[in-house]
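Here is a briefing on a protein–DNA model.

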2 protein chains.
Amino acid sequence: MPRSKGAVSIRDVAAAAGVSVATVSRVLSPATADVPMRKETRDKVERAIDELGYRPNDLARALLQHRTAAIGLVVPDISNPYYPPLVRGVEDVASSHGYRVVLCNTDRDPAKITGYLDTLIKTRVDGIVVAGGGWADVPERTAVLGRYRTGLVAVGRHLTAHPSVRIDNVAASRAAAEHLIGLGHRRITFVGGPATSTTVQDRAQGFRDALKASGLDRLAPAVRYGDFTEESGYALAREILRPSRPPTALLCANDRVALGAYAAAADTARRIPDDVSIVGFDDTPIARYVRPTLTTVAIPTYEMGSAAMRLLLAQFGGDGGPALETMPTRLVVRGSAAAPPGGGPDA
Amino acid sequence: MPRSKGAVSIRDVAAAAGVSVATVSRVLSPATADVPMRKETRDKVERAIDELGYRPNDLARALLQHRTAAIGLVVPDISNPYYPPLVRGVEDVASSHGYRVVLCNTDRDPAKITGYLDTLIKTRVDGIVVAGGGWADVPERTAVLGRYRTGLVAVGRHLTAHPSVRIDNVAASRAAAEHLIGLGHRRITFVGGPATSTTVQDRAQGFRDALKASGLDRLAPAVRYGDFTEESGYALAREILRPSRPPTALLCANDRVALGAYAAAADTARRIPDDVSIVGFDDTPIARYVRPTLTTVAIPTYEMGSAAMRLLLAQFGGDGGPALETMPTRLVVRGSAAAPPGGGPDA
DNA sequence: TTGTAAGCGTTATCAC
DNA sequence: GTGATAACGCTTACAA
């Protein structure tokens, strides 16, 4: 018989069991597992809990302990296939450590970002994992976090001054470009992704580095920007493949863009990899199911998420300040890249 | 100068502004926007808030108001491409109404499901949106929700007795099958998805209904189960296409399975749609980018998410009990389904 | 071994 | 107009 309307509280349980609230609290709290207690009392309490279907109010608990066991996870857009594994990685280690995760989609909009940041602080999450960019003018905002002892770790290189997990996009992209060059390609175009993205900037840089290292930079490295969608990849590839002497290989900013390029090749009657080689980024599940299978750079997205969460937990544990974890990438060679038409250098 | 260690509280602000905590609360609380107050006082308070970087503690607020402005979102696995748009739909309307969302991945594991349910109740979320199955023995568990005034709406037909948003999978699948039959196919196999999924059961049923209605059910309708992955689709399709006289069309449980079937067709040198027609379910972004483009049933996933959240908001508003919203599906005819080899009935 | 009571950071009800 | 103060549902000294 709960008092009044509303949820059953610790007082209802105490009353039902004929003990004090302190006693009920003791049977529930792991912190007081060591204090001695008559088995009979414990049983009475547990019976009452069961009968009433009592669930302790974690808000009250959190208020007292200054710890909510919640973390915020800020991503640009969960609909972007890149993020779900990352989110899953964060959630898995979070939940296995008793933390719940509050998901925030920002669309890289500074207004939304600061709005969510405020909400997260007000609800006193213990920490925040931020992935993806759009944080141009936001850094100052993170100053408040310190005042509220809110941890933060970034996935990517957009928020310096905080622990972060990253990949070496420059090196990864360079390796992919070198693979193409090794195959004999001389005219390669880097395709797509927003020019403002640090990820894209790094990948474009790695591409340029590879060309330069091979002395292929007398012709200005061809880099075309767009966004991260199939649509963008399709449109760009259509344009790029139009000239009479188009590039023989396309290094795409991600797999979605690569998939768009596949469609463009099909629609212009070009065979992959015979007429044009295509390389992607991310190794999303589709990569092994398109035909030809897609050669792409595997990014350990799930692991980046779980590593980020672990870094956050380390912060909670007081284990040091800024840390930086660089995760390995790997070029997965499949069927979409081969020697250029003619079989060798043609420049 | 916050008292002690820890976050700045309303008392710090009151002290800094030289007013009582009640006054500070009044400038912050929308509920008391109407009470008169000297502009000078308000300014003093606002200045103090700014200077201290004060963020009210929503836990305390929630404790008092019996309302957390949080909802739980329970999905099988965010990595499954079907869910991100749904999640986004929920999050968009949630955040635009001031609610935050706590994401829970269950892997359809009853233990995880009940675990998350408990956590969500303990943190006193105002409501829960559940999508996806695995709830076989869980329904009794939802009884507790009532005791804590926790709203619930289901996406799908697995949790009767609660408001829900659904699609008519039977009708949708039947329409897809009829499309194939209309094209002239007589030997069609329904491919994949877990036999335990109500979604799959419904789609298989619609498939059988279509065959029966066309008098094609003298040959036992061919239905093969697996799971929702490309891998499963690939494996099943390889088997299905092996016989000397294989089906001329594959109705796949979802686009991922269909993509697996694409790969199987390619690897066995069968042309789509010339040798075999393929139809999918979900209309995921890839559908329009594979070649040939994939004929598939579009499911308004995003809208289902936003509708579910709206239903939850309606519950909060006391707007009636169980409601049921059925969202429309649509067969998107693209390039993967055409007349069977020979051009017409061959049975 | 168990109970009493202070206090976590707010809001709401009274007074003044 | 503004200030005390009693809740909200818990945990944790400190008593008993």
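In this predicted model, a polar backbone atom of A:Asn57 lies 2.9 Å from a phosphate oxygen of DNA strand D. A:Arg61 also approaches a phosphate oxygen of DNA strand D, with a polar side-chain atom 3.2 Å away. B:Arg26 reaches a base instead: a polar atom of its side chain is 2.8 Å from a base nitrogen of DNA strand D.

**Surface near DNA strand D**

- DNA strand D is surrounded by 26 residues, and A:Ile10, A:Tyr54, A:Leu64, B:Thr23 and B:Thr41 are the closest.
- Sugar or phosphate makes up 63% of the atoms of DNA strand D within 4 Å of the protein, and bases make up the rest.
- At least two residues each come from helix H1 (10-17), H2 and H4 of chain A and from H2 and H4 of chain B.
- H4(A) supplies the largest share, 4 residues.
- The surface near DNA strand D holds 12 nonpolar, 8 polar and 6 charged residues.

- Of the atoms of DNA strand C that come within 4 Å of the protein, 63% are sugar and phosphate.
- Which atoms of B:Ser25 and B:Ile10 face a phosphate oxygen of DNA strand C? For B:Ser25 it is an N or O atom of the side chain, at 2.6 Å. For B:Ile10 it is a polar backbone atom, at 2.7 Å.
- A:Arg38 places a backbone N or O atom 3.0 Å from a phosphate oxygen of DNA strand C.
- Two or more residues each come from helix H2 (21-28) and helix H4 (58-65) of chain A, and from helix H1 (10-17), helix H2 (21-28) and helix H4 (58-65) of chain B.
- H4(B) gives the most, with 4 residues.
- By class, the residues near DNA strand C are 12 nonpolar, 8 polar and 6 charged.

**Domains of chain A**

- Chain A has domain 1 (10-56), domain 2 (68-167 + 301-327) and domain 3 (169-298).
- In chain A, 37 Å separates the C-alpha centres of domain 1 and domain 2.

Definitions and conventions:
Residues numbered from 1 in each chain as written. Chains lettered and ligands numbered in written order. Predicted model: local features only at pLDDT ≥ 70, side-chain atom pairs only at ≥ 80, totals over all residues. Heavy atoms only, no water. Domains from an automatic or database assignment. Near = heavy atom within 4 Å. Polar contact = N/O pair within 3.5 Å; in protein donor to acceptor, adjacent residues only side chain to side chain. Nonpolar A, V, L, I, M, F, W, Y, C, P; charged D, E, K, R; others polar.
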